[in-house]
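Student: Please show me the model, and then let us go through the terms used to describe it.

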Amino acid sequence: MFTIIVYTALVVIVISLLIFLIRIFIGPTVSDRIVGLDALGVTLVGFIGVIMILQDTIAYSDVALVLSILSFVGTVAMSKFIERGVVFDDD
Amino acid sequence: MTTIEIITSLFLAVGAFFTFLSAVGVIRLRDVYSRVHAAGKSSTFGMIFLMLSTFVYFIPKGIFNIKILLAILFVFMTAPLGALLINRSAYRSGVAMEKNTVQDDLKEVYKDELQESSE
Amino acid sequence: MALQILLNILIAVLWMFLQSSFTPATFVFGYLIGILILYLMRKFLIVKFDLRKVRIWALVKLFFLFVVELAKANIDMVKVVLNPRMDHQPGIVAVRTKLNTEVEITLLAALISLTPGTVSMDFSPDNKTIYIHAIDVPDKEEMRKDIHNSFERAILEVMR
């Protein structure tokens, strides 16, 4: 019973990830793609959490931690890039 | 089912629902600024519940995994900043707002800059 | 200086959690790494606020305000996203604020981003006005009053 619930949650999350991917493909502007990638990064962290329950291991907790930091850094870098065309500014 | 499994399933259901809501919002809403609402809030909320369910599931096995809570903390702190940056960069690069927008107080601030970039 | 030592101890404890080993040797190693990190980031640590003035109880209240507002915001999102006609009226509203230090304005912007239907977008050059994108603005004066009454007051309670 418990396994069925976990699998159902996993399927719902995978469908959500696919919908984010559709948004990333169809655009229409670069900002839309950044929104999709940001949400995809956050949702992937939750996906790894469900995988940890399913496989009964805590080995992936480092993966979740690093992914949660890296997705934010990626969002910031892409936003800064389309704003002015530079990632690092001096002021 | 044990008590801990029932709590875990509840958290999983809430988390999966809000993740799906965020996906529906991102595909259904009509401009970037509204999509940021769905992507920034609902997916963060869903992810918090999914990670809480993972944390709760490992408690009776005697494992207190602080790294999971740290991941929640990082996402909770950085999600508002990410939403702000996406919104600001979208406005500065001139993404149009949707048609039934009723109010735009930022238009005067960026009037000169946007005209320069469009010429 | 007290803030630096507090941050350094915080980094050392964080290092112990990341290593999953709670021995004094790990703590000392984390403290040394913390000294290196704080030395490299000394240009960014110009945030000045008096630690003795921060009230713990008000800080706990602010944190719970964050959590409650996030929950309310998501219930609001359900209504907007699942509404079949999609007739919400978005808009950008300028809100003036009384807060003046950078920490307070950052907190206010983060808090606005988590409230029902609003995301902060931009600041004016003098840091006195926050531009907010709201997904539904039937009455903008009421929205401004709401932000002034609940969030600004909560942040002022913590900081002053």
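**Contacts between the two chains**

Tutor: Between chain B and chain A there are five residue pairs in polar contact, both residues at pLDDT 80 or more. This is a predicted model, in which local features need pLDDT of at least 70 and side-chain atom pairs count only at pLDDT 80 or more, while totals for chains, interfaces and linings use all residues. Residues are numbered from 1 along each chain as its sequence is written, chains are lettered from A and ligands numbered from 1 in the order in which they are written, and side-chain values use heavy atoms, with hydrogens and water left out.

Student: What makes a pair a polar contact?

Tutor: A pair of N or O atoms within 3.5 Å; within protein, one must be able to donate a hydrogen and the other to accept it, and residues adjacent in sequence count only if both atoms are side-chain atoms.

Student: Why is the pair B:Arg35 and A:Asp32 called a salt bridge?

Tutor: The closest N and O atoms of B:Arg35 and A:Asp32 are 2.1 Å apart. The rule asks for a side-chain nitrogen of Lys or Arg within 4 Å of a carboxyl oxygen of Asp or Glu, so the pair qualifies.

Student: Why does the pair A:Asp32 and B:Arg35 join two chains?

Tutor: Because A:Asp32 lies in helix α2 (residues 30–55) of chain A and B:Arg35 in helix α2 of chain B. Helices here are DSSP runs (H or I, at least four residues), numbered from the N terminus.

Student: How many residues take part in the contact?

Tutor: Chain B gives 47 residues and chain A gives 47 residues, contact meaning heavy atoms within 4.5 Å.

Student: What is the area buried between chain B and chain A?

Tutor: About 4000 Å², of which carbon and sulfur atoms give 76%. Buried area is the accessible area (1.4 Å probe) that two parts lose on being put together, summed over both.
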